[in-house]
Amino acid sequence: MPARVLFFGATADITGHREIEISVSDDLTAEAALKEIVRNLPGLGSHKLLISINQQYAAQDEIIRDGDELAIFTAVSGG
Amino acid sequence: MDFFELTTEPLDITSVARRVVPPECGATVTLDGYARRFTKDRETGEVRETLYLVYEAYEPMAIKEMEKLVKVAHEQFEIANVGIVHRLGKLEIGETSIVISVAAPHRKDAFAACEWLIRELKRTVPIWKKEVYADGEQWVEGELVTQMS
């Protein structure tokens, strides 16, 4: 089962996607997944990005599992 | 009873502020954050006029992050109740985007907690603001919690 990747705000506009799927290899870290996604969607490269796993901010070395819900977004600006 | 909500409906400040009035409290401090027309660029000093705003949230994570903030606020301040309601979608200038209400036995704690909550919310809760100008638009990028790339 792949992992879902959600985009919001700027990252949704830049990529033209609200959601994509990625295949999950063994020991795929949040940092490695983010690098791979930016390689495939290069418009993201010029932005500082955050990644969450299952609705929690992810540590760089956190391992992604099958079926996880990831999200990639720019620094938040609510309020 | 704390509450955290996201809504596309216009916000009524008083109904948020007065929803919970704990008997042991003597003050509620309420922030009414609203859409600003003129924004000065932090780097260039140039003033831009905004026509309207659009807010978007990663809704389930935003609710979880608000819950976390309120939990920490209860640990750090002597407060009884917190209500946070954030509006999403299109907002006209002057419309309320966020209401944070903090009820406490004494006002000092309510003021301090309210200030802390809005500051932390702007750093951590996954909500984004798009400013729309006469000649373009941009998603505002805030301060990074941790930078990964």
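This is a predicted model: local features need pLDDT of at least 70, side-chain atom pairs count only at pLDDT 80 or more; totals for chains, interfaces and linings use all residues.

The turns below take up the sheets of each chain and then the contact between the chains.

Me: Which residue stands opposite B:Val85?
Reply: Strand β5 (residues 81-87) of chain B runs antiparallel to strand β7 (residues 96-104) of chain B, and six bridges join them. The residue opposite B:Val85 lies in β7(B) and is B:Val99.

Me: How many bridges pair β4(B) with β8(B)?
Reply: Strand β4(B) pairs in the antiparallel sense with strand β3 (residues 38-40) of chain B over three bridges. With strand β6 (residues 89-92) of chain B, β4(B) is also antiparallel, over four bridges. In the antiparallel pairing of β4(B) and β8(B), B:Tyr55 stands opposite B:Lys129, and the number of bridges is seven.

Me: Which residue takes a positive phi in the hairpin of β3(B) and β4(B)?
Reply: In the pairing of these strands, B:Thr39 stands opposite B:Arg48. The hairpin has six residues between the strands, and the residue with a positive phi, near 80 degrees, is B:Gly45.

Me: Which strands stand at the edges of the five-stranded sheet in chain A?
Reply: The open sheet of chain A has mixed pairing and the order β2-β1-β5-β3-β4. Each edge strand has a single partner, so one side of each is left without a neighbour in the sheet; these strands are β2 and β4 (56-57) of chain A.

Me: At about how many degrees does the direction of helix α2 of chain A stand to that of β3(A)?
Reply: Strand β3 (residues 49-53) of chain A pairs with β4(A) in the antiparallel sense over two bridges, and A:Ser52 stands opposite A:Tyr57. Helix α2 (residues 30-40) of chain A packs on the sheet, touching β1 (3-7), β2, β3 and β5 (69-74) of chain A, and its direction makes an angle with that of β3(A) of about 125 degrees.

Me: What area is buried between chain B and chain A?
Reply: In this interface, 34 residues of chain B are in contact with 30 residues of chain A. Carbon and sulfur atoms give 56% of the buried area, which comes to about 2,700 Å².

Me: Which side chains meet in the salt bridge between chain B and chain A?
Reply: The structure holds 15 salt bridges over all chains. One partner of the pair in question lies in the loop between α1 (9-15) and β2 (19-22) of chain A and the other in strand β4 of chain B, so the pair joins two chains. The count between chain B and chain A is one salt bridge, at 2.6 Å from N to O, and its side chains are those of A:Arg18 and B:Glu56.

Me: How many charged residues are on the side of chain B that touches chain A?
Reply: Across the interface, 18 residue pairs are in polar contact. The elements of chain B that give two or more residues to this side are β4 (47-57), α2, β7, α3 and β8 (127-133). By class, this side has 17 nonpolar and seven polar residues, and the number of charged residues is ten.

Key: Residues are numbered from 1 along each chain as its sequence is written. Chains are lettered from A and ligands numbered from 1 in the order in which they are written. Side-chain values use heavy atoms; hydrogens and water are left out. Two strands pair if DSSP finds at least two bridges between them. Contact means heavy atoms within 4.5 Å. Buried area is the accessible area (1.4 Å probe) that two parts lose on being put together, summed over both. A salt bridge is a side-chain nitrogen of Lys or Arg within 4 Å of a carboxyl oxygen of Asp or Glu. A polar contact is a pair of N or O atoms within 3.5 Å; within protein, one must be able to donate a hydrogen and the other to accept it, and residues adjacent in sequence count only if both atoms are side-chain atoms. Ala, Val, Leu, Ile, Met, Phe, Trp, Tyr, Cys and Pro count as nonpolar, Asp, Glu, Lys and Arg as charged, and the others, Gly among them, as polar. Axes are lines fitted to C-alpha atoms, for helices over the stretch in contact, and angles run from 0 to 180 degrees between N-to-C directions.
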